[in-house]
Amino acid sequence: MRVLLVDDEAELVSTLAERLSFRGIEADWVTTGEEALKQVEKQRYEVAVLDVKIPRISGLALKRLLEEQDPQLKFIFLTGHGSEEDFMIGSAEAGEPYYLIKPVELNLLIEKLHEIIKGRGKGLP
Amino acid sequence: MLPAGLWKPKFWDHYDVASGPQKQLFNFRRIWLLAVLLTVGVSLVPLIFITVVDYRATRKGIESEIRLRTARLVSNTRRSVTFFLEERQSALQFITQLHPCQDFGNSTELRLILENLKQSFGGFVDLGIIDAEGNQRTYAGPYPLTGKNYRDQEWFQQVVLKGHYISDVFLGYRRVPHLVIAVKHQLTDGSYHILRATLDTERFNQLISGMEISGSGDALLINHRGELQTPSRLYGPVLQDLALPIPTFSSKTEVLEERDQKGEPLIVGYAYIADSPFILMILKHKKELMQGWNWTRLELLGFLALSIAVILIVILGTATYLVEQIFLADQRRVAVLHKVEYANKMASIGRLAAGVAHEINNPLAIINEKAGLIKDIFSFKKEFQAEPRLIALMDSIISSVERCAAVTRRLLRFARHMEVSIQTINLEEVVREVLGFIGKEAEYRDIAVSVQVQGEIPPFENDRGKLQQIFLNIINNALAAIGDGGRLDILLRRVDEQSVSVAFIDNGRGIPAEDLKRVFEPFFTTKASQGGTGLGLSITYGLVQELGGSIEVESEVGKGTRFAVNLPLKYEKRSREIDASTVSG
């Protein structure tokens with residue numbers, strides 16, 4: 001499984017990527033939307049884990065752009081923010097089970113990753 | 001102004017303590033007083049003014065009418081009296097003209113003339129002829145007056161001077177009132193004699209007393225010295241002094257007001273009778289004349305009193321009703337203001353909580369991941385496995401982070417408007433379900449829990465999960481407050497067409513008044529030592545709001561607490577944003 005982590009907190013994503021790799025999940029990380037698009041161009045990923053808020057672009061808009069490049073790509077959203085707006089967008093786009101609040105428990109994230117790849121999250125947009 | 005109790009309007013003793021001095025726009029008692037005084041002033045002042053004017057005008061009218069009537073009566077009577085005297089005087093004049101001078105020397109002839117006069121006019125007592133020296137030359141009558149000399153008497157001098165004379169009334173020999181009329185007969189040769197007649201005043205009295213004077217009125221003649229010339233019912237017999245001042249001379253009929261001996265007001269009409277010593281007076285008691293006025297006055301004052309009473313009742317009623325309405329509207333306004341204020345505060349706290357949670361969450365996530373990574377490194381790399389304490393330390397960090405995360409998650413849950421999943425529910429079933437979770441605890445602590453349903457509660461649409469959470473929070477709080485062996489009553493009730501209420505009534509230790517205001521605020525807890533976060537009831541509050549309901553709490557220390565959740569039977573989806581905008585607007 002190959003996963004792309006997108007979050008403006010480099011410290012967070014880098015650590016997260018490293019920890020995932022300890023558990024046999026290949027994870028790359030970027031901190032901006034532009035980098036994410038470039039990365040998806042270079043490399044095929046099964047899942048993208050996006051922060052709802054990334055500088056200059058919203059997680060939602062980024063999801064649309066990434067989907068254009070790779071329609072097979074699946075998404076999990078992360079947020080540190082509990083605002084209404086974020087939640088509405090996140091839960092509507094990803095489905096409530098794939099909308100995780102930071103700090104996220106690593107095992108939960110891995111579980112969700114496996115789940116979404118197996119296609120149990122089907123029926124969602 | 002109003003009697004206490006039933007009649008006292010609600011606003012009378014109202015002082016809006018809770019809303020503070022700025023929010024009390026109206027001093028209802030002052031508004032009421034102002035409204036009453038202004039309307040009373042505006043309506044009563046003109047009414048009283050008009051009544052006073054009318055009162056005076058009517059009284060004046062009646063008084064002048066009385067004066068006019070009295071004057072007319074005096075006038076007519078004067079004419080009669082004048083005519084009476086002039087008639088007799090003319091008769092004497094006529095006799096002197098008709099008979100030659102020598103006839104008068106003959107007393108038989110004079111007696112014949114007296115007889116004729118008695119028959120034609122009546123009242124003549126005697127006749128005498130007096131010569132220029134004042135000697136009574138001839139006399140016809142009952143008294144032996146022949147030869148009597150009158151030269152030095154005043155009446156003689158008067159008649160010589162003026163040609164005629166009418167005397168005051170006097171008492172003759174037989175103590176009968178009389179008066180004298182004398183005329184002078186001037187002959188062509190310059191000599192003269194005087195014809196003198198005595199009249200009794202009977203006819204005269206008849207003339208005066210024949211007038212119909214109503215009630216205690218009287219008509220009388222006096223002379224210029226104020227002696228009665230005719231007998232009076234009220235003022236005494238002939239020649240007694242009239243106990244009233246002599247009216248001042250006037251050639252016309254006059255009417256004036258006097259007071260009699262008892263001080264009662266009198267209307268006095270009088271006229272001086274020309275060429276005689278008489279003054280005609282008509283006296284009437286004003287009180288009797290004004291009796292008609294009394295009735296009119298009573299009507300007028302009665303009408304005024306009735307009008308004032310009606311106006312006062314209407315004004316008091318209307319003012320009280322209107323101010324009461326304003327008061328009630330203001331009460332509603334204050335209540336809504338309180339609610340809005342509270343909702344606004346909760347919304348602000350929610351936003352603040354979300355912001356804080358967000359700011360903490362990111363560094364917390366980093367700590368979490370870094371600690372996780374360190375643990376991973378220790379776990380996955382063999383060289384570190386000899387040091388189990390390191391992993392334990394990392395676990396401790398991670399569990400602390402998890403505790404922080406639990407708090408921020410709860411905060412976010414409080415702040416967030418979760419999508420509501422709606423289904424048709426049976427309220428009693430939901431309550432019993434929740435009781436199922438905690439039934440064991442209640443049983444163990446010997447707490448009696450009862451569920452009562454009042455009226456029919458139809459199944460309605462709502463969020464089962466949220467309701468469960470709401471009820472669970474409240475019941476948990478109640479159980480914490482109830483001592484062992486206490487009781488919790490849950491009362492389900494249909495409030496009206498649109499809503500139902502679930503009340504949780506416990507007999508626990510109660511909440512002090514100063515805490516009661518804050519129970520729904522986040523982080524407000526009295527159970528910090530027992531691990532309370534102070535978020536339970538604030539989350540409950542948020543949940544109830546989301547469901548379009550309301551939550552109220554009443555409590556008394558030592559007696560217990562009552563939480564009541566009102567829920568709409570018809571669920572309307574609404575978002576926090578709309579809520580917040582209504583709140584801040």
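I began with Arg432(B), which is partly exposed at 42% relative accessibility (buried means under 20% relative accessible area, exposed over 50%, partly exposed in between, with a 1.4 Å probe and protein chains only). Its partner in a salt bridge is Glu428(B), with the closest N and O atoms 3.1 Å apart (a side-chain nitrogen of Lys or Arg within 4 Å of a carboxyl oxygen of Asp or Glu).

The model is predicted, so local features need pLDDT of at least 70 and side-chain atom pairs count only at pLDDT 80 or more, whereas totals for chains, interfaces and linings use all residues. Residues are numbered from 1 along each chain as its sequence is written, chains are lettered from A and ligands numbered from 1 in the order in which they are written, and side-chain values use heavy atoms, without hydrogens and water.

I then turned to helix α2 of chain B, where Arg69(B) and Glu65(B) lie four residues apart, about one turn of the helix, and their side chains meet in a salt bridge (3.7 Å, N to O). Arg69(B) is partly exposed at a relative accessible area of 43%, and Glu65(B) is partly exposed at 40% relative accessibility.

Definitions and conventions: Helices (H or I, at least four residues) and strands (E, at least two) are DSSP runs, numbered from the N terminus.
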